[in-house]
Amino acid sequence: MTAEQIGWDHWSYVAMLAFCLVGTLPLILIFRLRVLRQPSRLLLTILAAGTPFLLWDLYATTVGHWWFDDEQTLPWRLAGLPLEEISFFVVIPLVSVLTFESVRVVRSRGGLRRREAE
């Protein structure tokens with residue numbers, strides 16, 4: 001498939017991943033998160049969270065439990081999986097960590113305390 005043959009439908013999965021990143025990466029600056037200052041810890045977290053699901057995905061597609069529609073994914077594959085599916089197992093754990101750390105910062109500042117009855 002050439003670049004000219006790749007339509008907008010092929011980019012929907014990538015767009016969803018980009019939307020997740022665009023929505024959470026600013027949290028690093030807003031809450032001054034230190035997540036990126038500990039790259040090996042972040043990588044270990046992403047690997048621990050993503051690897052079991054990636055292996056499950058590989059197995060399920062190999063035995064035919066599910067598949068990826070060529071009309072809705074980009075044509076590039078690695079071990080039979082679309083690259084955006086593999087990216088999912090990196091992006092979603094990353095945005096989960098950023099969200100979790102942001103909530104932790106807000107809670108530590110007392111931002112979620114209930115107002116006392118007047």
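**Rings, core and pocket**

Colleague: Let's start with Tyr13: is Tyr13 buried or exposed?

Modeller: Bear in mind that this is a predicted model. The relative accessibility of Tyr13 is 15%, and the cut-off for burial is under 20%. So Tyr13 counts as buried.

Colleague: How many aromatic pairs are there, and what is the geometry of the one between Tyr13 and Phe88?

Modeller: The count comes to four aromatic pairs. For Tyr13 and Phe88 the centres are 6.4 Å apart and the planes make an angle of 65°. Planes over 60 degrees apart count as edge-to-face, so the Tyr13–Phe88 pair is edge-to-face.

Colleague: Which helices does that pair tie together, and how many residues apart in sequence are the two parts?

Modeller: Tyr13 sits in helix H1, residues 12-24, while Phe88 belongs to helix H4, residues 83-108. The pair therefore ties together H1 and H4, across 75 residues in sequence.

Colleague: And Phe88 itself, how accessible is that residue? Which residues form a cluster with it?

Modeller: Phe88 is partly exposed, at a relative accessible area of 27%. As for the cluster, one aromatic group takes in Phe88 together with Tyr13 and Phe89.

Colleague: What about Trp56 and Trp66: how are their rings arranged?

Modeller: Their ring centres are 5.9 Å apart and the planes stand at 75°, so this pair is edge-to-face. Trp56 is in helix H3 (residues 39-62), and Trp66 is ten residues away in the loop between H3 and strand E1 (77-78). Trp66 has a relative accessible area of 29%, which makes it partly exposed. The arrangement you asked for is edge-to-face.

Colleague: Where is Trp76, and what is it in contact with beyond its neighbours within four places in sequence?

Modeller: Trp76 is placed in the loop between H3 and E1. Its relative accessible area is 45%, so it is partly exposed. Leaving aside neighbours within four places, Trp76 is in contact with Ile6, Leu81, Pro82 and Leu83.

Colleague: On to the largest nonpolar core: which element gives the largest share?

Modeller: The core has eleven residues in all, including Leu27, Phe31, Leu42, Leu94 and Val105. Helix H2 (26-30), H3 and H4 each give two or more residues to this core. The largest share, four residues, comes from H4.

Colleague: Phe31 is on that core list. How far is Phe31 from Val105 in space, C-alpha to C-alpha?

Modeller: Phe31 lies in the loop between H2 and H3. Phe31 and Val105 are 74 residues apart in sequence, but the distance in space is 6.9 Å.

Colleague: What does Leu27 touch, setting aside residues up to four places away?

Modeller: Leu27 is a member of the largest nonpolar core. With residues up to four places away not counted, Leu27 touches Arg32, Leu33, Leu98, Thr99 and Ser102.

Colleague: Is Thr24 buried or exposed, and what is it in contact with?

Modeller: Thr24 is in helix H1, and its relative accessible area of 11% makes it buried. Neighbours within four places aside, its contacts are Val95, Leu98 and Thr99.

Colleague: Which residues have a positive phi although they are not glycine?

Modeller: Most residues other than glycine have a negative phi. Arg32 has a positive phi of about 50°; Arg32 is in the loop between H2 and H3 and is exposed at 69% relative accessible area. Ala79 lies in the loop between E1 and strand E2 (81-82) and is exposed at 62%, with a positive phi of about 55°. The residues to look at are Arg32 and Ala79.

Colleague: Last one, the largest pocket: what lines it, and which residues are the closest to its centre?

Modeller: About 380 Å³ of space lies in the largest pocket. Its lining divides into six nonpolar, three polar and five charged residues, and H4 provides the largest share, five residues. Of the 14 lining residues, the closest to the centre are Arg34, Val35, Gln38, Glu101 and Arg104.

Methods:
Residues numbered from 1 in each chain as written. Predicted model: local features only at pLDDT ≥ 70, side-chain atom pairs only at ≥ 80, totals over all residues. Heavy atoms only, no water. Phe/Tyr/Trp six-rings, centres within 6.5 Å; stacked < 30°, edge-to-face > 60°. Buried < 20%, exposed > 50% of the residue type's maximum accessible area, 1.4 Å probe, protein only. 1 Å grid on protein atoms, 1.4 Å probe; cavity = no way out; pocket = protein on both sides within 12 Å on 5 of 7 lines; lining within 4 Å. Points joined across faces, edges and corners; volume = space filled by probe spheres on them. Nonpolar A, V, L, I, M, F, W, Y, C, P; charged D, E, K, R; others polar. Contact = heavy atoms within 4.5 Å. Core = buried A, V, L, I, M, F, W, Y, C linked by side-chain atoms within 4.5 Å.
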